Amino acid sequence: MNTSTLFSLDGRTALITGGSRGIGRMIAEGYVRSGVRVYISARKADACDATAKELSELGHCVSLPADVSTTLGIQELVTAYREHEPALDILVNNAGAAWGARFDEFPESGWDKAMDLNVKTPFFLTQALQPELVAATGDHLAKVINIASIDGISIGPMETYSYHASKAGLIQLTRRMALRLIEYGIVVSAIAPGAFASNMNRDARDHPDEIMDQIPAGRIGADEDMAAAAIYLASHAGDYVVGSTLVVDGGATHAR
């Protein structure tokens, strides 16, 4: 057992969707600081470029803007990535969408947006990048990390019907994909974040003091909390975590 390299990611490659802000950015920074050649994607090119420029001051980070909510956008991203790298060690399926509305007013568009980006995109992007993931295997396993949510495990107070259902579906999809892809040396796992400051979780971002009482740890998640979970799963330390979802929420799920 060599504990000095157990969590090492030096020299590996990673592609992170939704990497320009929030949880995606937290993971991207953690990887860049760990010596990973990081590629981030986001729908808004300006934001993606700006984040990549900032993170490039710490290491290797390249912007690959794309709208991965469509199969065309997925293929454009894959093509762009292939112009830079022949293999992919780590794929983080983080891009996501939420929709909130009262039960009797909830629209079909709110279902389509959440289900397409939160469930279909991780599947089809992983499918498209399977050759690159397989190419990365050899002396280590390739990793796919799906970003789920504690709302896929327990019920939060907001009426986000499609979001809850999509994140629960992503957790189950992670299990199904993991059983198949481990045959190729690809480990699929997931992270279920709790309250982290982001545009999607504005309460945690704008009013952290108001929700801390709901979290046994007494605080919202820090950037380091998310980076640490993503580094663990991506490294040799997480090789035996196959199909499971790591809950990172300060105990909030148990307190609901």
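This is a predicted model: local features need pLDDT of at least 70, side-chain atom pairs count only at pLDDT 80 or more; totals for chains, interfaces and linings use all residues.

Reader: Fine. What do the side chains of Asp104 and Arg102 do?

Author: They form a salt bridge, with 3.6 Å from N to O. That counts because the cut-off is 4 Å.

Reader: Is Asp104 buried or exposed?

Author: Asp104 is exposed, at 58% relative accessibility.

Reader: What about Lys120 and Asp116?

Author: Their side chains meet in a salt bridge too, at 3.7 Å from N to O. Both residues are in helix H4, and because they are four residues apart there, about one helical turn separates them. Lys120 is partly exposed at 43%. Asp116 is partly exposed at 27%.

Reader: Which residues are linked in a network of salt bridges?

Author: Arg25, Glu29, Arg33 and Glu54.

Reader: Now the surface. Which residues form a positive patch?

Author: Arg21, Arg43, Lys44 and Lys113 make up that patch.

Reader: Where is Lys113?

Author: Lys113 lies in helix H4, which covers residues 108-128. Its relative accessible area is 47%, so Lys113 is partly exposed. Patch residues need over 30%, and Lys113 at 47% passes that.

Reader: What does Ala128 touch, apart from residues up to four places away in sequence?

Author: Ile74, Val78 and Arg82. Arg82 is also the salt-bridge partner of Glu132. As for C-alpha spacing, Ala128 and Thr71 are 9.7 Å apart, though 57 residues separate them along the chain.

Reader: Switching to H3. What about Glu76?

Author: Glu76 is in helix H3, residues 71-82. At 48% relative accessibility, Glu76 is partly exposed. Its C-alpha is 9.2 Å from that of Pro65, eleven residues away along the chain.

Reader: And where is Pro65?

Author: Pro65 is in the loop between strand S3 (61-63) and H3. Pro65 is partly exposed, at 38%.

Reader: Which residues does Pro65 touch, leaving out those up to four places away in sequence?

Author: Ser41, Ala42, Ala45, Cys48 and Asp49. Gly110 is another matter: its C-alpha is 24 Å from that of Pro65, and the two are 45 residues apart along the chain.

Reader: Next, Ser189. Where is it found?

Author: Ser189 is in strand S6, residues 186-193.

Reader: Why call Ser189 buried?

Author: Because its relative accessible area is 2%, and buried means under 20%.

Reader: What is Ser189 in contact with, leaving aside neighbours within four places in sequence?

Author: Val144, Ile145, Asn146, Thr174, Leu233, Val241, Gly243 and Ser244.

Reader: Last one: Phe7. Where is it found?

Author: Phe7 is in the segment before strand S1 (13-17). At 45% relative accessibility, Phe7 is partly exposed.

Reader: What does Phe7 touch, not counting residues up to four places away in sequence?

Author: Ile231, Tyr232, Ser235 and Ala237. For spacing, the C-alpha atoms of Phe7 and Val36 are 12 Å apart, with the two residues 29 apart in sequence.

Reader: Great, that's what I needed.

Notes. Residues are numbered from 1 along each chain as its sequence is written. Side-chain values use heavy atoms; hydrogens and water are left out. Patches are made of residues with over 30% relative accessible area and no salt bridge: like charges are joined within 9 Å, nonpolar side chains (Val, Leu, Ile, Met, Phe, Trp, Tyr) within 5 Å. Accessible areas come from the Shrake-Rupley method with a 1.4 Å probe; for residues, only the protein chains shown count as cover. Lys and Arg count as positive and Asp and Glu as negative; His and the chain ends are not counted. The place of a charge is taken as NZ of Lys, CZ of Arg, CG of Asp or CD of Glu. Helices (H or I, at least four residues) and strands (E, at least two) are DSSP runs, numbered from the N terminus. Buried means under 20% relative accessible area, exposed over 50%, partly exposed in between (1.4 Å probe, protein chains only). Contact means heavy atoms within 4.5 Å.
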